[in-house]
Amino acid sequence: MNGSKSPGLAGFGVLRNTTCHTEKKISVFFSIIFMTVGILSNSLAIAILMKAYQRFRQKSKASFLLLASGLVVTDLFGHLINGAIAVFVYASDKDWIRFNQYNILCSVFGICMVFFGLCPLFLGSVMAVERCIGVTKPIFHSTKMTSRHVKMMLTMVCLFAVLIALLPILRFRAYQIQASRTWCFYKTEHVEDWEDRFYLLLFSCLGLLALAVSFLCNAVTGITLLRVKLKSQQRQGRSHHFEMIIQLLAIMCVSCICWSPFLVTMARIGINESRSKETCETILFALRMATWNQILDPWVYILLRKAVLRNLYKITRGCCGVHMVNLHVWELSSIKNSLKVAAISESPSSKQINPRPLSSRGQ
């Protein structure tokens, strides 16, 4: 109070002169709705993915389902933890000085914001890389991308995201309460120190890099599958690849639309040495768009399944009134068809060519 810098008040500098005001009722309503819809959506997606993983445990699709399950579980805990803290802040009338005297809650909130922000982006890029390897290098994928290796990859991704989130704490840099007084993050106002700019640029660059890797790998995977489809008349054995690439493309589009405004905004704040021109309302709007990514991700696995896409295909064909090629991959349910395709493709008898002449020649 007399000019001394107490460690417990490290994050309260923005509270003295804030120009951002949010209406409490609307903000609480949005927070509760986002948290509830996110938890229900991710829970449903987890149930679908785990049921599919039990069916495909020994197949090439198992690694993709395991990574997808990790992504949805991360989104679920992100909604649960971040949403609970946000609702508590609103319920306490955003009086941080009363319940955050030692800056513990703000530090936890900031760590969770960074971790649950970067981890889904990292997992999305890892899923794209895994599918790219599975399509372009199937032998390498079948021998190296086992469940044990995928679990190790999930652990490494989570540990790396935790390290990035803990980096300011390890450097004795407290997370800051933002101008809206509703969330905590890196310092975004009066950013003058190089280390504060470094954290903002590190977060935004890693997020944008993950999106770029996803785009590149998905492009390679899609082009490879289309070339194989045009050259080969066999429709079986590739249906699960097309289903997964459709899901990956949807995840990439959702991530780019939802996360790009927030990542670009953080990058612009980090590049500008003086106070950025980004307003509090702009940052808060970008943050809410990023929150939608964790809500829309699970619906990719809920809606973009072959059982659902098959019905959409039939409806589209009926509405167009034009004779279209009736693809065999949509004739059965998604699980039964994929199991049948995998059994045919992996059966040793399918690789034998005209066995009778060989036996007669041996006689």
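Q: Which residues count as nonpolar, charged or polar here?
A: Ala, Val, Leu, Ile, Met, Phe, Trp, Tyr, Cys and Pro are nonpolar, Asp, Glu, Lys and Arg are charged, and the others, Gly among them, are polar. This is a predicted model, in which local features need pLDDT of at least 70 and side-chain atom pairs pLDDT 80 or more, while totals for chains, interfaces and linings use all residues. Residues are numbered from 1 along each chain as its sequence is written, and side-chain values use heavy atoms, without hydrogens and water.

Q: How many cavities of 30 Å³ or more are there?
A: The structure holds 2 of them, a cavity being a set of points on a 1 Å grid over the protein atoms alone where a 1.4 Å probe fits but cannot get out.

Q: What lines the largest cavity?
A: Its lining has 27 residues (an atom within 4 Å of a point), and N82, A86, M113, L287 and T291 lie nearest the centre. By class, 16 are nonpolar, 10 polar and 1 charged.

Q: Which helices supply at least two lining residues there?
A: They are α1 (24–55), α2 (61–91), α4 (104–136), α8 (239–271) and α9 (280–303), helices being DSSP runs of H or I with at least four residues, numbered from the N terminus.

Q: And the second largest cavity, what is its volume?
A: It is about 80 Å³, and α4, α7 (194–231) and α8 each give its lining at least two residues. That lining, which includes P120, N218 and S255, has 6 nonpolar, 5 polar and no charged residues.

Note on methods
On a 1 Å grid over the protein atoms alone, a cavity is a set of points where a 1.4 Å probe fits but cannot get out, and a pocket is an open set with protein on both sides within 12 Å along at least five of seven lines; lining residues have an atom within 4 Å of a point. Grid points are joined across faces, edges and corners, and a volume is the space filled by probe spheres set on the points.
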